Amino acid sequence: MTNTATKTTIEYDDTPVRQFMIASIAWGIVGMLVGVLIATQLAFFQLNFNTPWLTFGRLRPLHTNAVIFAFVGNMMFAGVYYSTQRLVKARTASKFLSQLHFWGWQAIILAAAVTLPLGLTRGKEYAELIWPINIAVALIWVVFGINFFWTLGRRNERSLYVAIWFYISTIITVAMLYIVNHLSIPTSLTHSYPIFGGVQDALVQWWYGHNAVAFFLTTPILGIMYYFLPKAAGRPVYSYRLSVVHFWSLVFLYIWAGPHHLLNTSLPRWLQSLGMIFSLMLWAPSWGGMLNGLLTLRGAWDKLRTDPVIKFFVAGVTFYGMSTFEGPLLSIRPVNALAHYSDWIIAHVHAGALGWNGFMAAGMFYWLAPRLWNRPLHSVAAANMHFWLGLVGILLYVSSMWVSGITQGLMLSATHENGTVLANPNFLDAVTSTMFLMHIRALGGFMFLAGFIILAWNIWKTASGAQAVNGTVEVFVEEKPKAMGLIGGFANAPVIFITLLIVFAMGWGALPRVASGICLWAFLGTFMAMIAHKEFTKATWGQWYERLLENALPFTVLTAVSVFIGGIVQIIPTVIIDTAENIEGVRQIPYTPLELAGRDIYVREGCYNCHSQQIRTLVGDVLRYGDYSKMGESIYDHPYQWGSKRTGPDLAREGSKYPNSWHFFHMRDPRQISPGSRMPNYPWLFTDQTDIASLRRKIEVQRKLGVPFKETTKDEIAASCLAQGEEIVANLKTASAETTPDREIVALISYLQKLGKSEKVGPHGEQPAEPAKTEPPKTAAK
């Protein structure tokens, strides 16, 4: 065979790397600055400034989206573009697509930064962006994917390195998660309703929300770890075999764990148990990856004393290990009962986002800057100062939220007299008792922000006056041997045996007794057959895997299938989960047009950031708020508003609990009604008019989604709103609360007074026989 290899020099395209890195630093500072502001607002309510677009409810989504998609997203793209080119020894396939990707992503972030403070939101955590922006996200993600896989197709390296595996899983899975969770029907250019509602929407949301953390904030950063950490340490990855186990087990298991965010709620018990079990199983692969990263430093630990890059990487990987230990711990039902809705969850999230993502970003930026501008880092001392400032800051932040969360959980669940009386009936006692910790939290966040400002200065001084350079490499371009095809990727012993084992294991756990027993025996038989096959054929699965890595197509398809399995098992049942036969004998009473308008105001103001609408099956919740929430009580809620944090009390049974005047004065000045409250004032609700004109289109969409609205014409809707508004205004006047029926406060009061209203239905969803008894207790103070 004639050797046709030719030697050529390839110049990498590092322009998008520099662009994404600079954008990540800039947006990161913005996101962290907003985070410090909203953390301070929880200690000083005055910092809401009585201004709509500066309230906590509107700024928190801006903070989370800025940190996730702007800071970590841009950092991820910088790392992917830099490492991929070098791992495949090929220049990025299309400079045009790289630039379209960069500028398109920045335009998306800018659009989010404008719309979220304006109250234009879908009302779902980490998925607040309005539908036109979501379409843009999907299109730009496709651009990124095309450029990435096109580059893989032009590679001059036969095998795909481990970092590439994680990038592939990220691109495939994020696309699936984002599209499914953002399926909506528009009512206008800036508003839509998700096609899922109630418990369906809750499960789909946390299937997305949990796995957005997994496949946007974890897997790509693990890929970056597998490339940059060995480079910085000058050592090979500790164990290639461990990286294989780490990747496949993580990709397969992670997608199942979303329901652990919904423990003790209306979600069916089997889904809760499924999420908890798979979350606990995640301990092994997560810690395997952490150990693989840390042990890569064997023989190079002396660099930890002098090299700030190694400091950041080691701390980042350690925070990854801590977060992935804490996550499964929080999925254990008794621990979740204590921690959920409390500040403990805030500590967990920030240990990952700032400790893992933030420190990995800083380490990567400090390593990249001298290579992208061909100049030594301006100040190693400043980088070391950044490290210690950031480390102390995040430790103050996380520890204060741990103490605050555990304190809140214990106080709100504590009872006397054999569990029949609440020890702390006033919810605000748990708020005021942790006020000092809110100051510590804000201080820790400020220190972390200050560290990144030092980083920005250090990178700017390094690049200032320097010549930007692109990396180059000499490669031998040769004819590629025939790689494993798509059929060969599936029609082989490893895939067949593992597929059968997964199918029989799922059947064992899900099917009735006889079928379950058959699946158990089939599982054991398949396992024995697999052992026998390896023994008699002397086949090595490692050889098959090395061949698989030579072709990105079968590898990508296998990765997609591994991810899709968990999604299909969880999501498909939710399509029928809240039909008439599955709503626990209770069905939500549909909203009136005015109540729907009030609900949209509630969503616009981001009230779900501080209030839940889900009473858990726990003694403390039931004593405080009333009977636990049933599946059918939120069947018509698009989007669901169960929430994930209680800075204020649960509102699931708020209707008729207080008079209209209570809500009127509470929204004008919360401390007039609830001394010590951290809630902002909402003066604009008393001057702005309710948008009645848009209700006809909104009701049309709601009817398409299955909500049985009676009013359909424009005149019927207007008459209904006027009549209900006049009734509320007349009632308010008796308490010396003056307003007019067309004000937003009236619509919001109508919605709040509807919460918890439901009707009993028969076993097959027939018409109600009598109203359900869902009146809340009178002792739960606001």
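## Domains and the spaces they line

The C-alpha centres of domain 2 and domain 3 are 47 Å apart. Along the protein chain, the assignment lists domain 1 (6-471), domain 2 (485-581) and domain 3 (586-760), with bounds that come from an automatic or database domain assignment. This is a predicted model, in which local features need pLDDT of at least 70 and side-chain atom pairs count only at pLDDT 80 or more, while totals for chains, interfaces and linings use all residues. Residues are numbered from 1 along each chain as its sequence is written, and side-chain values use heavy atoms, without hydrogens and water.

Two spaces are set side by side below. On a 1 Å grid over the protein atoms alone, a cavity is a set of points where a 1.4 Å probe fits but cannot get out; a pocket is an open set with protein on both sides within 12 Å along at least five of seven lines, and lining residues have an atom within 4 Å of a point. Grid points are joined across faces, edges and corners, and a volume is the space filled by probe spheres set on the points.

| Space | Volume | Lining by class |
|---|---|---|
| Largest pocket | about 1600 Å³ | 31 nonpolar, six polar and two charged residues |
| Second largest cavity | about 390 Å³ | 16 nonpolar, eleven polar and four charged residues |

In these classes, Ala, Val, Leu, Ile, Met, Phe, Trp, Tyr, Cys and Pro count as nonpolar, Asp, Glu, Lys and Arg as charged, and the others, Gly among them, as polar.

Which residues lie nearest the centre of the largest pocket? They are Trp248, Ser249, Phe252, Ile498 and Ile502, out of 39 lining residues. Helix α18 (493-510) is one of the elements supplying at least two residues, and α18 has the largest share, twelve. Helices here are DSSP runs (H or I, at least four residues), numbered from the N terminus. Domain 1 and domain 2 each give at least three residues to this lining.

For the second largest cavity, domain 1 and domain 3 each give at least three lining residues.

## Two residues

His210 sits in helix α6 (residues 198-216). His210 is buried because its relative accessibility is 9%, whereas Glu478 is partly exposed at 49%; buried means under 20% relative accessible area, exposed over 50%, and partly exposed in between (1.4 Å probe, protein chains only). Glu478 and Thr6 are 472 residues apart along the chain, yet their C-alpha atoms are separated by 6.5 Å.
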